[in-house]
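This report describes selected features of one protein chain.

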Amino acid sequence: MTASDMCSATREPTLSFTQGLIVGQISVVLLIAAFIKFFIFGDPPSAEITAAARASERRSRTLAHKESLLTLRTPNLRQPQQTLNRKKSTVLRNPPTLTIGSILNKTYYNVDSHQPESLDWFNVLIAQTIAQARSDAQHDDAILNSLNKALNSGTRPSFLDEIKVTELTLGEDFPIFSNCRVIPVDEDGIGLDEHEFHAKSSQAMGGAEGTRLQARMDVDLSDMITLAIETKMLLNYPRSLTAVLPVALAVSIVRFSGTLSISFIPSNPSQSTPTMMRFYFLDDYRLEFSIRSLVGSRSRLQDVPKIAQIVEARLHRWFDERAVEPRFQEIALPSLWPRKKNTRGGEDPLEAAAAGGAGGGSGGSGGSSTAGTSGGKGKAREIPLQDLREETWKNMGSDSAGRAGDHLRYRQARGRGGDGSSTGGYSMPGSFTDMHP
């Protein structure tokens, strides 16, 4: 076989280097175009499909948590808690054992047949509280300062510039609570049926363990609560501030509906734990957002669907990790025992007169108000209440003695009538006889 035959047997490349380069560039452009079209500007799934997918995911997580709790309920794994042995008082009489059944009987509440309540009075109180908070926010920048501080904290990513709040709307409507019902639950918050409740209703309420009552109410809010921010995305590779991309984002809460669960965890004196209020939302809630975005400085991209999906998913995750079952929030309740330091209104007249006399009497004796404020700008000097009362009584006694002497001389002059004759007996100061010319 000759060399020419061997060269003819080798296959020549079908595409040249230039043709391959062109094909590669075209394929990259097509991939970028497909990414922009389907990933960034693609139509997002409908709200019903997204809500159903999130609800099924939350439900599966809740069921898995309940199943894990049920598998751990064995006598060996649940050990009784050790309590401190404290000497009981012989003066304080022991009341009857407090149970769930006794509470329901004395309050005439039947968990099996009681109708749900409307909570109209509670809605009015909550509306007044929210309205006052909105009114205070109009005259104070505390909420804006708190938001700016929270958004620009140490957890902010390095590729984001300073975040600035450009719009804040607290809404105009109020949440509506309704359909409140009280149900018995076990120590893990799982509802009990009728047979389990009657079997456990005789257990004493001595701590966090055991059966307790839980109030569940429906919450519905249709409003427009908006938070708008501006920031810049920084590209720090290969060197710092290689590129800067302005971003504006506005997130609005349009609708929220769900079921709120509230229960009280009794205090445990043996462990010195206070009474706790536990609340969370069931996994069947519905939270709808309206998200607007603006990317770029000259050629701007408005309302990118993928940005809205990412932001909405992060907000749902943030809420699920904090206040949706099986997670919950606990707040320690303060003592409700009446105390003197918490009393307001119905002031003692003697204390009010003493406070007024100390402010005005010191100014009359010294020619200037030293106990009060100097020119309306100085700080008031703190005077003990006992010294204030003694000084007030002293001033009142000296003023009364001076006025009595003046009235006595005036009555003597009136009694002589200018000719040495007496006009009669004494008269009370300030009476009608003293007022005649």
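## Crossing of H3 and H8

The crossing of H3 and H8 is right-handed, a term for a near helix turned clockwise from the far one by less than a right angle. The model is a predicted one, in which local features need pLDDT of at least 70 and side-chain atom pairs pLDDT 80 or more, while totals for chains, interfaces and linings use all residues. Residues are numbered from 1 along each chain as its sequence is written, and side-chain values use heavy atoms, without hydrogens and water.

Helix H3 spans residues 47-72 and helix H8 residues 305-323; their axes are 13 Å apart, at an angle of about 25°. H3 is therefore roughly parallel to H8 (angles under 35 degrees count as such). Arg54, Arg58 and Arg61 of H3 make the contact with Glu312, Ala313, His316 and Asp320 of H8 (contact means heavy atoms within 4.5 Å). These residues comprise 5 charged, 1 polar and 1 nonpolar.

Asn123 belongs to helix H5, residues 120-139. With a relative accessible area of 10%, Asn123 is buried (under 20% relative accessible area, with a 1.4 Å probe and protein chains only).

A polar atom of the Asn123 side chain lies 3.1 Å from the backbone oxygen of Leu119. Leaving aside residues up to four places away in sequence, Asn123 touches Ser118, Pro175, Ile176 and Phe177.

## The chain as a whole

The chain has 11 helices and 8 strands (DSSP runs of at least four residues, H or I, for helices and at least two, E, for strands). Of its 437 residues, 23% count as buried.

Note on methods. Axes are lines fitted to C-alpha atoms, for helices over the stretch in contact, and angles run from 0 to 180 degrees between N-to-C directions. Angles under 35 degrees count as roughly parallel, over 145 as roughly antiparallel, 65 to 115 as roughly perpendicular and the rest as oblique. Ala, Val, Leu, Ile, Met, Phe, Trp, Tyr, Cys and Pro count as nonpolar, Asp, Glu, Lys and Arg as charged, and the others, Gly among them, as polar. Buried means under 20% relative accessible area, exposed over 50%, partly exposed in between (1.4 Å probe, protein chains only). A polar contact is a pair of N or O atoms within 3.5 Å; within protein, one must be able to donate a hydrogen and the other to accept it, and residues adjacent in sequence count only if both atoms are side-chain atoms.
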